[in-house]
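Subject: Structure handover

Hello,

The structure we discussed is below. My notes on it follow.

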Amino acid sequence: MSSANQVVAKTWATRWTFILAATGSAVGLGNIWKFPYMTGANGGGAFVLTYLICIALVGIPIMVAETTLGRHGRHSPIVSMLRLAKENKASRAWGLIGVVGVLTGFLILSFYSVIAGWSLSYTIDAATGVFPSLQGEAAGEHFGALIGDWKKLTIFHTGIMVVTGYIIAKGIHDGLEKSVRFLMPALFILLLALLAYSAFTTGYFLEGLKFLFTVDFDKITSEAILAGMGHAFFTLSLGMGAIMAYGAYMPEDANIGSTVVTVAILDTLVALVAGMALFPIVFANGMEPSAGPGLMFISLPAAFGQIAGGEIFGFLFFLLVAMAALSSTISLVEPAVSWMIERFDVSRPVATFIFCFAVWLLGMATVFSFNIWSDVMIFGNNILDALDKLTANILLPGGGMAIALFAGWVMKREVIRQELSHMSDTQFNGWLWLVRIVSPAAVFAIFLNSILG
Ligand code: PHE
Ligand code: NA
């Protein structure tokens with residue numbers, strides 16, 4: 001376990017490093033690609049409302065729990081959970097949180113990488129001046145041509161996995177911190193610029209706001225609620241060990257509560273700004289909000305094509321989205337690779353290669369799902385939707401619920417209190433109540449509701 005002990009010794013200098021790493025993990029395709037199309041497909045405000053409630057009552061408390069378990073365990077998620085179970089004389093079965101988390105990261109990354117590849121492809125489109133010609137029908141056709149071309153998709157998917165593997169194999173932290181420090185603000189500024197464009201030139205800004213923030217109560221279906229909850233977990237990178245793995249590097253005296261709240265607010269802000277910027281463009285171009293995973297890729301080129309300097313703007317935008325996706329892909333790999341290093345004593349590059357190659361292979365199923373395997377259905381979903389629903393709606397909330405129960409009921413109360421020493425008694429008791437009862441009950445109720453409903 002020598003490499004494991006090195007991990008313990010290398011705690012990051014300040015809580016800022018955790019904020020940067022966790023924000024890098026959280027902010028990604030989930031905010032810019034997935035949040036808008038999920039909102040569009042699940043009734044607008046109805047989805048946004050459940051998502052926001054879940055962030056506050058389920059996501060943030062569980063994120064505190066996950067970070068705390070990571071910091072107290074100080075190892076990869078699987079080993080941390082086994083140690084914590086032992087320390088608390090609980091069953092080794094709690095180690096399944098880590099094991100299922102590794103599997104979940106594997107499944108998510110397989111399609112996440114393909115979508116990040118779309119962004120890369122659009123970077124090149126922007127640079128080669130394709131956008132001005134993508135008005136009206138042409139934008140949809142262009143997107144259709146991309147996803148219909150499995151060779152092209154394979155090239156970009158491979159590119160994303162190679163870069164991810166390279167960063168992981170080298171041992172990530174310095175580079176990650178620097179890039180996130182620069183990347184996130186840059187991405188946010190571009191989103192604000194896009195928001196300004198939507199507000200001042202599309203003429204559909206109010207329609208966009210109305211779609212996002214007025215709740216049509218007929219649209220709060222069990223399906224929309226499940227999707228909203230699942231997205232809260234997905235967007236905060238919660239329930240699969242990514243946050244636990246980063247928590248392991250957090251200094252002993254850092255304030256977990258305020259740190260986690262900061263990350264959650266940043267993530268939510270990026271999603272809301274992305275939504276407010278995108279929907280006016282969607283409406284102005286006569287698109288259906290429920291167009292699905294292609295939503296941003298079909299609507300944005302039209303906007304970039306109309307803006308002066310749209311080539312550069314569009315190029316930077318899609319590049320930054322791809323880079324934001326990379327800081328998320330890294331966190332999807334880290335729990336698995338750090339575990340393989342601890343458990344099998346393999347080198348970091350070897351562990352990385354094995355895991356990333358397996359992910360790449362599964363990713364080909366998503367690549368083919370848009371073309372030669374487009375008829376393949378799993379419980380009525382195409383391969384992308386099936387993987388997405390299995391992970392976001394079942395595995396992440398399930399993992400998060402187990403994390404909440406472990407932190408709330410299994411961990412010794414004095415130990416948890418010590419870890420969260422920055423909280424007042426009222427804050428601590430409120431948090432404890434949330435992770436013991438409210439958040440697990442909410443997840444359970446939403447599961448049940450969607451099975452019965
Ligand atoms: N939170 C990331 C996003 O919103 C996706 C992710 C999910 C990353 C789970 C890590 C773990 O894009
Ligand atoms: Na996110």
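The shell around ligand 1 divides into seven nonpolar residues, eight polar and no charged (Ala, Val, Leu, Ile, Met, Phe, Trp, Tyr, Cys and Pro count as nonpolar, Asp, Glu, Lys and Arg as charged, and the others, Gly among them, as polar). This is a predicted model, in which local features need pLDDT of at least 70 and side-chain atom pairs count only at pLDDT 80 or more, while totals for chains, interfaces and linings use all residues. Residues are numbered from 1 along each chain as its sequence is written, and chains are lettered from A and ligands numbered from 1 in the order in which they are written.

Ligand 1 is surrounded by 15 residues, with G28, G30, T235, S237 and S328 the closest (near means a C-beta atom, placed from the backbone, within 6 Å of the molecule). At least two shell residues come from each of α2, α3 (29-41), α11 (222-235) and α15 (310-344) (helices are DSSP runs of H or I, at least four residues, numbered from the N terminus).

As for helix packing, the axes of α5 (residues 77-87) and α6 (residues 96-127) come within 7 Å and cross at roughly 165° (axes are lines fitted to C-alpha atoms over the stretch in contact, and angles run from 0 to 180 degrees between N-to-C directions). That angle makes α5 roughly antiparallel to α6 (over 145 degrees). In this contact, P77, I78, S80 and M81 of α5 meet I97, G98, V99, G101 and V102 of α6 (C-beta atoms, placed from the backbone, within 7 Å). These residues divide into six nonpolar, three polar and no charged.

Regards

Methods. Angles under 35 degrees count as roughly parallel, over 145 as roughly antiparallel, 65 to 115 as roughly perpendicular and the rest as oblique. Two residues are in contact if their C-beta atoms, placed from the backbone, lie within 7 Å.
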